[in-house]
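User: Could you take a close look at one helix for me, from its length to what surrounds it? I would like the cut-offs spelled out as you go.

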Amino acid sequence: MPIEKAERLINLTMALLAAQRYIKKSQIFAIVAGYSGNAEAMERMFERDKDDLRNLGIVIEVGGLDPFFDDEPGYRIKQTEYALSLENLTPAELSLLAVAAKTWQDATFSNSAQSALRKLRSLGIENDATNYVDAPFHIKISNSNFSLLWSATIAAQSLVFEYPNQSNQLEEREIQPYGIAAWRGQWYLVGRDVAKDAIRVFKVARIAPECKVRGKVGAFKLPIDFDISRHLVMLQDVPQTPVILQIRKERCHGLRQKSKKIKHDVEWDEIQFSENNRSQTIQEILWYGPDVVVISPEDLKIAVIASLREMAKNG
Amino acid sequence: MDKPLARTARLLDLIPFILSHQGIAIADLANEFGVTEKEILADLNLIFMCGLPQYTALELIDLSFEHGFVTVREPQNLDKPRKLNGEELSILIMGLDVLRTQITDPVKEQLAKDLQIRLRQLVESATANAILYADDRHLPYIETINKARQNRTALNISYLNTSKDEITTRRILPLEVFQQGDEFLLLTWCFLSRANRTFAIARILSCDPISVTLPDSISDTNPVLLPGNAIVTIKFKYDRAALSFIENIQDRIVAIDQVSMIASVEVWDSEWILRNVLANAGHIKILAPVEFAHEVASRAKIALSNY
């Protein structure tokens with residue numbers, strides 16, 4: 001009865017893991033259960049099997065048996081390259097990792113999160129379940145491109161997608177994805193724009209739906225000093241500006257929550273807070289319409305008045 | 001991943017998992033690996049045939065799974081779990097980032113930070129700094145909410161309704177906390193409306209546990225849509241500066257033309273759309289119904305009269 005493919009792959013993995021020295025293909029065909037047929041058939045089978053094991057993340061080393069002769073290469077799997085090595089992982093650390101995996105209950109990554117957790121739980125460490133039960137929150141991702149963007153980033157595979165340019169026209173871009181980041185719930189792809197030969201940041205929500213991969217896995221290498229946080233402008237320190245507003249009594253609860261009251265009269269309270277995101281502050285002020293008046297800074301006041309004038313024209 | 005390859009991955013993972021859970025029930029094993037008991041039995045039978053070259057009884061993997069419980073007697077050289085792949089590592093590193101945004105205990109914060117360093121050492125050096133989850137918003141009452149979720153107890157909350165600019169009090173049973181778009185949401189069972197309700201956690205102004213326990217029968221999925229006023233369709237034109245607003249209301253948009261930048265949304269809370277149009281002043285213009293456009297302009301004029 002022919003041996004199932006999965007059985008052959010397990011036998012091959014075990015044989016290569018047990019090898020002290022590189023094993024030649026001919027030896028593999030002779031000793032590993034599952035290889036049969038003529039030489040060409042076995043060759044093809046072996047090539048496919050190597051690719052399959054590599055797709056599982058198993059590193060198969062190829063090396064010469066004798067450094068002085070250019071003979072047939074041999075193969076082996078190093079135990080250190082195969083096995084999960086997180087030495088001295090404590091129960092508390094394992095529990096924390098389990099909770100970290102639980103943040104991804106969204107279907108996009110739940111399988112990988114589960115499998116990571118299973119590998120960790122196979123280390124034979126007791127879980128400290130009393131300390132950590134669930135993640136503080138779960139991330140839900142509804143973007144249809146996200147999974148592809150993520151896997152292409154991890155596999156170092158180029159992406160091709162349409163993205164709105166300055167005039168809001170969709171433009172095709174070929175990107176080598178270097179990394180993915182989330183800031184305040186919004187996702188960003190950072191990568192090298194092939195045509196512009198420069199690193200660019202893309203808001204994932206703005207990438208058109210028909211995103212595709214192009215070329216091979218492992219097609220590019222990241223710059224050795226790449227650090228995604230340096231490319232995200234919102235993570236850079238911005239000085240805080242004090243803002244003083246008048247807000248109507250018993251109104252503008254959202255603004256009240258983040259401010260301190262500095263003055264009050266019969267109709268208005270005067271509040272103060274610090275801001276470092278001007279457009280967001282303008283939006284918050286405009287949200288409350290006639291119930292808020294900007295006292296300072298002057299440039300904020302001017303911006304709010306200009307926006308209100310624009311809006312008043314549209315009636 | 002094709003079926004035989006997925007099965008190979010499962011077989012390689014089964015042996016160290018059983019080794020660390022000796023005597024596990026077949027039903028639990030099937031549940032853990034997300035397959036049927038029949039598939040797990042087929043896997044165990046196949047593992048039984050695998051081993052090291054020579055394939056005598058001494059070289060084969062040895063396990064027993066009679067009476068519904070599984071034990072590995074001889075794993076040969078498959079006793080260790082496979083190393084984490086790139087996706088698994090990335091998920092854990094980012095998951096720890098997520099935890100770090102909310103952890104208040106410095107000991108746990110340091111533990112999470114140290115773990116990230118260790119995991120990053122397992123990633124190819126250049127990709128170690130390629131993923132990041134950052135958020136500077138600490139969620140108030142998250143620990144109280146999650147404790148109540150775990151114990152299935154109720155909470156009294158005061159909640160800021162920004163559309164109506166009012167604070168209300170509610171008795172809720174917290175069911176799930178999740179981040180969707182840029183908001184952290186709490187799915188609850190609301191005693192007042194006797195239905196599922198979702199609240200933005202940032203707008204919970206106070207949160208106190210009360211001794212009402214969640215009956216097991218209450219579902220924690222399939223939230224019911226909010227009822228209320230009649231649904232109104234608002235048509236508006238927008239510009240690039242309002243793209244973030246458009247992205248945040250994706251699920252309410254019923255029609256959009258991205259070239260002419262005209263969209264229609266269905267809203268049940270007219271105050272919500274009016275305030276959003278005001279907040280995006282100059283970047284959103286209501287095209288219909290015309291009364292909404294007049295209302296926005298009127299509010300802008302009153303606001304201007306304050307200066």
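Analyst: Happy to! Helix α3 of chain A covers residues 39–55, and at 1.5 Å a residue its 17 residues should span 24 Å, which agrees with the 24 Å between its end C-alpha atoms. Helices here are DSSP runs of H or I with at least four residues, strands are runs of E with at least two, and both are numbered from the N terminus; the expected span is 1.5 Å times one less than the number of residues. This is a predicted model, in which local features need pLDDT of at least 70, side-chain atom pairs count only at pLDDT 80 or more, and totals for chains, interfaces and linings use all residues. Residues are numbered from 1 along each chain as its sequence is written, while chains are lettered from A and ligands numbered from 1 in the order in which they are written.

A:Asp49, A:Asp52 and A:Leu53 are the buried residues of α3(A) (20 or more other C-beta atoms within 10 Å of the residue's own, with C-beta atoms placed from the backbone; 12 or fewer means exposed, and in between is partly exposed). Seen down the axis of α3(A), these buried residues fall within an arc of 90°, so they line one face of the helix; the arc is taken from the directions from the helix axis to the C-beta atoms. The exposed residues on the other side of α3(A) include A:Ala39, A:Arg44 and A:Arg54.

The cover over the buried residues includes α1 (5–18) of chain A and α1 (3–19) of chain B, where contact means C-beta atoms, placed from the backbone, within 7 Å. Just after α3(A), A:Gly57 has a positive phi of about 85°.

Methods: Two residues are in contact if their C-beta atoms, placed from the backbone, lie within 7 Å.
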